[in-house]
Amino acid sequence: MSEFNRFSLMIDALTALAEEEQAQVTSRTSEVGLPTLNSVLAGAGQLPHTALFLGLAEDGLSVLLDMNDPVPGPILIIGDETCGKTSFLQMIARATESMHGPADVQTGVITPHPDEWKNFEGSKSVLGVYSTREDSACELLQSLVTWAHNNRENKQTILLLVDNLEAVTKLGQEAEQNLRWLLLRGPSRRVWPIITLNASRARNMETWLEFFRTRLFGIIRDEDNSHFVASDPDKVFNNLAASQFTMREGNNWLNFWAPALD
């Protein structure tokens with residue numbers, strides 16, 4: 001069975017667990033905008049305790065990742081600069097905070113713009129927000145590699161949210177090596193890298209794209225960029241709305257929304 005098919009089956013299984021509770025939830029945008037994260041989670045009922053919430057599909061069901069299954073590997077969120085990638089990461093952090101205690105799941109953030117994450121200061125579920133302009137970002141990568149090496153029995157999961165892959169690859173050779181290790185080994189050691197990239201910069205990062213077999217696409221207006229990042233000469237992403245994303249499920253595509261933060 002291919003890795004893509006295994007990922008599809010994993011998503012299907014998690015979605016089925018939540019189907020009954022979420023029958024009344026809709027993913028359509030309304031006149032007042034996207035549904036809020038709190039309202040979506042309140043309507044979802046009891047989700048699987050190993051689930052990472054990624055969004056709301058068009059049929060009203062949650063899109064979930066099983067954090068106990070490393071097969072999907074690190075996740076790349078790719079789209080145009082204004083498609084909502086940072087808001088998507090922040091939604092994931094808030095959903096994780098709501099669904100999991102800090103003893104079970106914690107989040108570390110690396111970003112060129114730490115001011116955008118001020119609302120997460122003081123959260124017990126957030127290890128910290130680290131600027132790509134400071135040595136602390138390199139230190140976080142090193143500490144996560146060390147933690148993952150020693151994480152044989154610990155059942156805690158760490159989410160590594162990186163806003164702008166390109167910025168992190170410029171932190172120096174040691175940081176680059178640590179990031180490569182986390183991309184290759186992290187999910188199997190309960191460290192999940194979830195990383196954004198501007199589609200217009202994808203060709204500059206081609207060697208890094210190979211690490212990501214799971215890619216979540218936002219709106220990409222340039223068709224050549226769409227073909228390149230999807231590895232598909234026919235696929236385009238210019239029909240998506242802001243805060244809407246899509247992912248490949250086998251031979252099909254699953255569209256979903258990132259709910260708005262309250």
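Does Asn204 count as buried, exposed or partly exposed, and at what relative accessibility? I looked this up in a predicted model, in which local features need pLDDT of at least 70, side-chain atom pairs count only at pLDDT 80 or more, and totals for chains, interfaces and linings use all residues. Residues are numbered from 1 along each chain as its sequence is written, and side-chain values use heavy atoms, with hydrogens and water left out.

**Asn204.** I noted that Asn204 counts as partly exposed because its relative accessibility is 49% (buried is under 20% relative accessible area, exposed over 50%, partly exposed in between, with a 1.4 Å probe and protein chains only). I found Asn204 in the loop between strand S7 (191-198) and helix H7 (206-209) (helices, H or I of at least four residues, and strands, E of at least two, are DSSP runs numbered from the N terminus). The C-alpha atom of Asn204 lies 8.5 Å from that of Glu166, 38 residues away along the chain.

**Helix H2.** I listed Leu37, Val40, Leu41 and Ala44 as the buried residues of H2 (residues 37-44). They line one face of the helix, because seen down its axis they fall within an arc of 95° (taken over the directions from the helix axis to the C-beta atoms). These buried residues pack against strand S1 (51-57), strand S2 (62-66) and helix H3 (85-99). After H2 comes Gly45, with a positive phi near 75°.

**Confidence.** I recorded an average pLDDT of 89 for the protein, with 88% of the residues scoring at least 70 (pLDDT is the predictor's confidence in each residue, from 0 to 100). Over residues 16-32, however, the pLDDT is below 50. Where pLDDT is low, the predicted coordinates should not be read in detail.

Terms used. Contact means heavy atoms within 4.5 Å.
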